[in-house]
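Q: I am new to this structure and would like to go through it step by step. Could we begin with how its charged side chains pair up?

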Amino acid sequence: MTGKLFDVPRRALAGLCALLALAGVIMLTAMADSTMQPLPASAPDGEFSAERALRHLERFATEPRPIGSRAGERARDYLAGQLRAAGLDVRVQRAIGANTSAGLASFGQVDNIVATAKGSAPTGTVVIAAHYDSAAMGPGASDDAAAVAAMLETVRALKGTALRNDLVLLMSDGEEDGVLGAEAFVREHPLGRTGGVLLNWEARGVSGPSLMFQTSRNNAGLVETFAGAVPHPRGDSTLGELYRLLPNNTDFTPMAESGFTGLNFAYIEGSSRYHTADDSLAHLDRGSLQHHGSNMLALTRALGGADLGALASDHDLTYFRIFGTMVTYPNALVWPLAGLAAAAVAGLAALARRRRLLSLPRLAVAAVSGVVPLLLAAALAQGLWEVLVAWRPAYDGMGGLLHRPQAFQAAVVVLAALALLCWYLPLRRRLGPAALAVGALAWPAALGLLCAQVAPGMSYVLTLPALFCALGGTAAILLRGTTGRVGSFQAAAFQVTAVTLGAVVAAALLPALARTAFDGMGLALGGVPALVLAVFGLTVLPIVELCLPERRQSLVPLAAAGLAVLLVPVGLARDGFDPANPLRTHLAYVMDAGTRTASWVSADAEPPAWTRRYVSGHDTTPLPPGYARGTSLWTGRAPAAPGAAEPRVTVLGRDGDTVRLRVTTGRAARSVTLRVERPIAAATAAAAGLTPVSVDVTGVRANTWPGEIRFRGLPATGAEISLRVPGADRFRLTAVAETDGLQRVPGFVPRPKGVVAATREDGDLVAVTRTYEISTRG
């Protein structure tokens with residue numbers, strides 16, 4: 001029993017028509033997920049206008065604004081002034097923010113802008129949040145100035161509107177250095193401790209639709225409000241589940257952990273420019289700005305006038321868009337739908353067995369072996385990335401987020417198809433097309449059940465394709481009649497139509513998820529979209545069968561392999577670096593304040609010609625103790641930089657294994673880093689007039705000394721740092737004063753066009769160090 005689910009005359013033509021129909025579904029889905037058209041400044045006063053918001057960006061988002069910088073101060077003053085002019089009560093919260101990770105305690109003096117407007121009959125507080133600081137490498141026009149400008153334009157559009165609920169606009173500082181501003185807000189500010197409904201806005205690229213990619217728990221009321229209020233809702237619960245599994249965070253994270261409920265938004269396309277000098281006004285997609293702002297204005301009006309207490313819920317919703325419509329249903333339906341999909345696949349198997357199209361042993365082998373194309377597709381995609389990095393080492397510094405990755409993405413699609421064919425063709429004659437098609441559906445059905453348990457909001461993207469494909473296959477078998485013979489042309493057309501309609505849901509959901517994975521994760525994690533595409537392939541095997549030639553079927557995978565290989569040089573040729581699509585390179589300057597020995601340092605795998613002016617080898621012995629981070633740094637001798645800010649560390653007191661230090665930098669550097677040769681267990685930071693903050697530290701830093709403390713936005717008077725170093729009578733500590741920009745170094749030649757600073761946080765810094773022997777005994 002090695003039959004087919006169905007067979008038709010003119011099978012190649014039928015298969016081609018089916019594939020074209022599914023391709024049309026994929027294209028229509030992509031078009032429906034596009035962003036908005038920007039509105040001009042002449043738009044009605046009550047509407048959001050990207051052009052009006054852009055005028056604010058031109059005032060404060062043309063230069064980098066890292067925490068503690070003069071540009072950050074200028075942006076703070078401009079934004080606070082605009083909010084005051086709009087009639088809001090504006091206060092600047094100055095505080096110390098804190099965050100921790102393995103072996104690291106991060107602190108920073110932040111200036112949060114908090115603007116409030118009282119509601120007419122408040123049932124709670126609506127908080128709109130975005131951060132006004134940027135990464136040090138670029139002006140952050142998208143990340144996150146676009147959202148901040150959208151807040152100003154939203155306030156303007158709301159003029160004359162009496163909101164029922166209190167409104168708070170939080171423009172936070174220090175997000176790029178560990179969500180420091182948001183952490184300080186929820187820990188110290190009265191409004192941060194009272195909670196409310198939070199709308200947070202971010203960007204991880206420079207274009208694309210504004211996606212609602214994260215929610216707080218028990219989101220049913222908020223998601224329904226979002227789906228009903230926003231004119232162009234984008235986002236799905238798969239994104240939310242994935243984000244919960246990732247280590248990434250935004251200002252939303254500490255605020256949600258402190259009790260805020262809410263929604264988090266970002267656009268993520270054009271991510272090769274993220275955290276670089278190209279995150280600029282020139283590259284900002286005005287449609288993305290419009291989409292951000294239109295969503296922000298609509299939700300502020302909806303939530304500002306709602307009974308916020310009535311939005312409280314005890315469950316999450318599954319939500320997604322299909323054919324331009326937002327679908328929502330309670331997660332109580334996740335398990336029934338997952339079970340229904342599994343039952344539909346089982347019913348298809350039983351019907352196929354009854355019609356003698358397959359045997360149970362062959363079906364079992366087909367189902368178990370279905371993991372092969374999934375794993376092979378992921379492995380081939382990851383292998384492609386290794387090939388690309390080996391051929392062009394500069395890709396490694398881009399984290400897989402390439403300027404023009406389309407050819408490489410096409411190669412991943414072809415490799416997923418190749419993995420499917422390498423599994424399908426050898427087993428086709430032994431097991432039969434029907435057994436393979438039914439067994440393949442066991443995987444999305446089983447994975448849907450698994451997601452129902454561990455990530456309920458993601459289950460639909462597997463469960464629904466399995467369900468509808470099983471129903472389509474069942475209809476196709478029933479249309480064959482009882483003889484199993486090829487019927488009339490009309491019956492054959494119905495069979496093809498049934499299978500194609502069954503695959504429409506898979507075509508609408510799975511390629512869109514793969515496209516989002518490409519945008520969000522890049523080719524460095526190309527195995528993820530390849531895995532999704534392989535699942536899609538498993539759902540359309542009956543159509544694949546129609547498209548296979550009658551003879552020499554082995555040529556098909558050979559052709560796929562050849563196409564994948566061909567796409568690599570095409571992609572390399574198309575994705576070359578130029579002024580419009582620049583190369584990234586890392587360079588830092590390091591000087592020991594005691595010996596005046598200085599070095600250039602680069603973490604590039606293969607430094608480009610400009611960087612080679614400064615580095616020539618891998619000798620790290622001239623670097624100060626504890627400075628080196630990484631195992632393959634490039635270095636080169638450098639001249640001393642006169643007048644550079646130098647760190648000073650003074651021991652103020654000792655208490656057991658805790659040492660209290662005063663840290664200053666003479667001529668003010670923006671930041672200071674303390675690297676400790678022993679693990680640290682806790683740290684406290686204090687500065688004049690600010691509440692001290694203490695954090696526990698676990699784990700150790702990788703590829704450097706195990707303990708590290710950072711203080712960003714260091715006050716001119718310095719800071720007091722206490723650190724606990726268990727079990728150490730003495731230890732070395734290297735203090736690093738960090739000043740932005742390399743221009744003050746003698747002989748420095750700025751980067752040429754087509755080359756920008758890499759995103760590594762210690763790049764483009766003048767780092768002056770001193771190493772101290774610290775005793776924990778008096």
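A: A salt bridge here is a side-chain nitrogen of Lys or Arg within 4 Å of a carboxyl oxygen of Asp or Glu. The model is a predicted one. The side chains of D316 and R244 form such a bridge, at 3.6 Å from N to O.

Q: Which parts of the chain does that pair tie together?
A: D316 is in the loop between α10 (286-304) and β8 (317-322), while R244 is in helix α8, so the bridge ties together parts 72 residues apart in sequence.

Q: Is D316 buried or exposed? And what about R244?
A: D316 counts as buried because its relative accessibility is 13%. R244 is partly exposed, with a relative accessible area of 26%.

Q: What else is there to say about α8, say at its start?
A: There, a side-chain oxygen of D236 comes to within 3.0 Å of the backbone nitrogen of T238. T238 is one of the buried residues of helix α8 (residues 237-245), which also include L239 and Y243.

Q: Which residues does T215 touch?
A: Leaving out residues up to four places away in sequence, T215 touches V223, R244, F252, G262, L263 and Y319. T215 itself belongs to strand β6 (residues 211-215), and its side chain has a polar contact of 2.8 Å with that of N219.

Q: Why does T215 count as buried?
A: Its relative accessibility is 7%, and buried means under 20%.

Q: Back to salt bridges. How many are there?
A: The count comes to 31. One of them joins R187 and E183, whose closest N and O atoms are 2.7 Å apart. Both residues lie in helix α5 (residues 180-188), four residues apart, or about one turn of the helix.

Q: Where do R675 and E708 lie?
A: The side chains of R675 and E708 meet in a salt bridge of 3.4 Å, N to O. This pair links distant parts of the chain, with R675 in strand β16 (residues 671-676) and E708 in strand β19 (residues 707-712), 33 residues apart. Both R675 and E708 are buried. Salt bridges with shared partners join R675, R701, E708, R710 and E761 into one network.

Q: Changing topic, how many residues are in the largest nonpolar core?
A: That core has 103 residues, and L388, Y395 and W423 have the most contacts inside it. Helix α14 (residues 406-431) gives the most to this core, with 15 residues. A second, separate core has 62 residues, among them Y78, V90, I128 and A157.

Note on methods: Residues numbered from 1 in each chain as written. Predicted model: local features only at pLDDT ≥ 70, side-chain atom pairs only at ≥ 80, totals over all residues. Heavy atoms only, no water. Core = buried A, V, L, I, M, F, W, Y, C linked by side-chain atoms within 4.5 Å. Buried < 20%, exposed > 50% of the residue type's maximum accessible area, 1.4 Å probe, protein only. Helix = DSSP H or I, 4+ residues; strand = E, 2+ residues; numbered from the N terminus. Polar contact = N/O pair within 3.5 Å; in protein donor to acceptor, adjacent residues only side chain to side chain. Contact = heavy atoms within 4.5 Å.
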